[in-house]
Amino acid sequence: MAKKNKEIIVTAEGISPGLFGQKYSSRDYRYEDSWGKNQFNSSFPASLVAYMGSKGVSPVYLCTNKQNEIVHKYIDAPSLLRVDPLSEDAFYAYESGFFPYEQYYTSADNKEKIDLVMFNRSIEKAVSGLEVKLTTLPDITTKDLSDAEYGSEIVVRSPTILFLACSICACYDTAKGRSKLHDILNTIGEEIKNWGEIRQVQPHYEAIREAILNVSSDVTRRQVPLIIQPIWKTDRKLKDFADDCLDVFVWSNLSVIQMCLRENNLVDDISRNQRTIIWLYKMLWDFTLFGKFNYTDIVNALAYKYKTDKAFSISGKLTNPMMRCKELTKPRVSKYEIKNIILGDGQKLLSPERRFDAFIVSHPELF
């Protein structure tokens, strides 16, 4: 990408704008076009993870057990990113293809991009692919509740379900494994003749849901991180940063299934959340038959009256029971530490088009 013809900012200390830990990155933080709203929402969280790791603070890891219940663990930065984020080996690639998953699907368009791919420079290999969701705490549905009941809204993109499916395919990537997965999925895939017809699919939804839960239970010990969800906490009026401001939660691929199964507004036919479970089932079913699935065809043919730009969303009232812990009530990174993550006056290059960017720009005293 051609860089804008703008002067590179250098502080009096001779430090160029940058983000903590990102020595090697697909984004050049000396330039304004690397600080746009979409870029910052994924690059700042990556540096927040690296910064927490440097302080010996591990993100909260939301996993599932054999009973498909959410359990909390901790995951350190090298285990999450599969490379030490502060080492010479770490390369941060944004909105990049994740090659290990590309063998499992075809698409009418180009291969899908995932928010953050970590490369290990010494072995020249992509070692992790992660979605990033920078979220506000509290959201509009929980702002009038107690701190312990605060929650963040999460919007899940359709490609996230693709990556979820691929992460499960990787657990069954042998002829014997595909046969086992086929058996766990039962015979529902054979009974539905037209997957695009709500009337044909809806009667099978509970069986589809049960099959997905059985798959989840089977691969519990092989679950992997999928979504990095940093939270930034505001005061009750949603006008200022809370002093205890930042923390990071990580959702495993299997806990994302549990996220999807939480919903308030059930509809008579198929809801967005239910459609997501159906997508996942169809992707896995086709994988057992053909060794890969057609992502574009599945999403478009199984739209069920909804747009396909997102899979589903979940409000703070529904995320809170899954995320509730001491770190949610009192995040572990202070607002006064933001200056340790945004370096070299990088905040001056922000375009405050999103709430987090705007909050930072409107609080120059933090720097």
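Predicted model: local features only at pLDDT ≥ 70, side-chain atom pairs only at ≥ 80, totals over all residues.
**Exercise 1. Find what share of the 367 residues in the protein chain is buried, and describe the overall build of the chain.**

Step 1. Residues are numbered from 1 along each chain as its sequence is written, and side-chain values use heavy atoms, with hydrogens and water left out.

Step 2. The protein chain has 14 helices and 15 strands. Helices (H or I, at least four residues) and strands (E, at least two) are DSSP runs, numbered from the N terminus.

Step 3. The radius of gyration is 21 Å, close to the 21 Å from the globule rule for 367 residues, so the protein chain is as compact as a globular protein of that length. The radius is taken over C-alpha atoms, and the rule is 2.2 Å times the number of residues to the power 0.38.

Step 4. Along the principal axes, the C-alpha atoms fill a box of roughly 70 × 50 × 35 Å.

Step 5. Among contacts (heavy atoms within 4.5 Å) with a separation of 6 or more, 72% are between residues 24 or more positions apart.

**Exercise 2. Determine which residues of helix α5 are buried and which are exposed.**

Step 1. Helix α5 covers residues 175-184, and its buried residues are Gly177, Leu181 and Ile184.

Step 2. Seen down the axis of α5, these buried residues fall within an arc of 60°, so they line one face of the helix. The arc is that of the directions from the helix axis to the C-beta atoms.

Step 3. Ala175, Lys176 and Asp183 are exposed on the other side of α5.

Step 4. The cover over the buried residues of α5 includes α8 (205-218) and α10 (272-290).

Step 5. Just after α5, Asn186 has a positive phi of about 70°.

**Exercise 3. Describe how α9 is covered and how α9 meets α10.**

Step 1. Helix α9 spans residues 253-260, and eight of its eight residues are buried. They are Asn253, Leu254, Ser255, Val256, Ile257, Gln258, Met259 and Cys260.

Step 2. The axes of α9 and α10 come within 9 Å and cross at roughly 140°. Axes are lines fitted to C-alpha atoms, for helices over the stretch in contact, and angles run from 0 to 180 degrees between N-to-C directions.

Step 3. From α9, Ile257, Met259 and Cys260 meet Asn273, Thr276, Ile277 and Leu280 of α10.

Step 4. The residues of this contact divide into five nonpolar, two polar and no charged. Here Ala, Val, Leu, Ile, Met, Phe, Trp, Tyr, Cys and Pro count as nonpolar, Asp, Glu, Lys and Arg as charged, and the others, Gly among them, as polar.

**Exercise 4. Identify the residues that touch the most other members of the largest nonpolar core.**

Step 1. A nonpolar core is a set of buried Ala, Val, Leu, Ile, Met, Phe, Trp, Tyr and Cys residues joined through side-chain atoms within 4.5 Å.

Step 2. The largest such core has 75 residues, and Leu284 and Phe293 touch the most other members. Helix α10 gives the largest share of this core, nine residues.

Step 3. Not counting residues up to four places away in sequence, the residues that Phe293 touches include Tyr104, Leu162, Cys169, Phe287 and Ile298.

Step 4. A second, separate core has 45 residues, including Leu19, Phe20, Leu48 and Leu81.

Definitions and conventions
Buried < 20%, exposed > 50% of the residue type's maximum accessible area, 1.4 Å probe, protein only.
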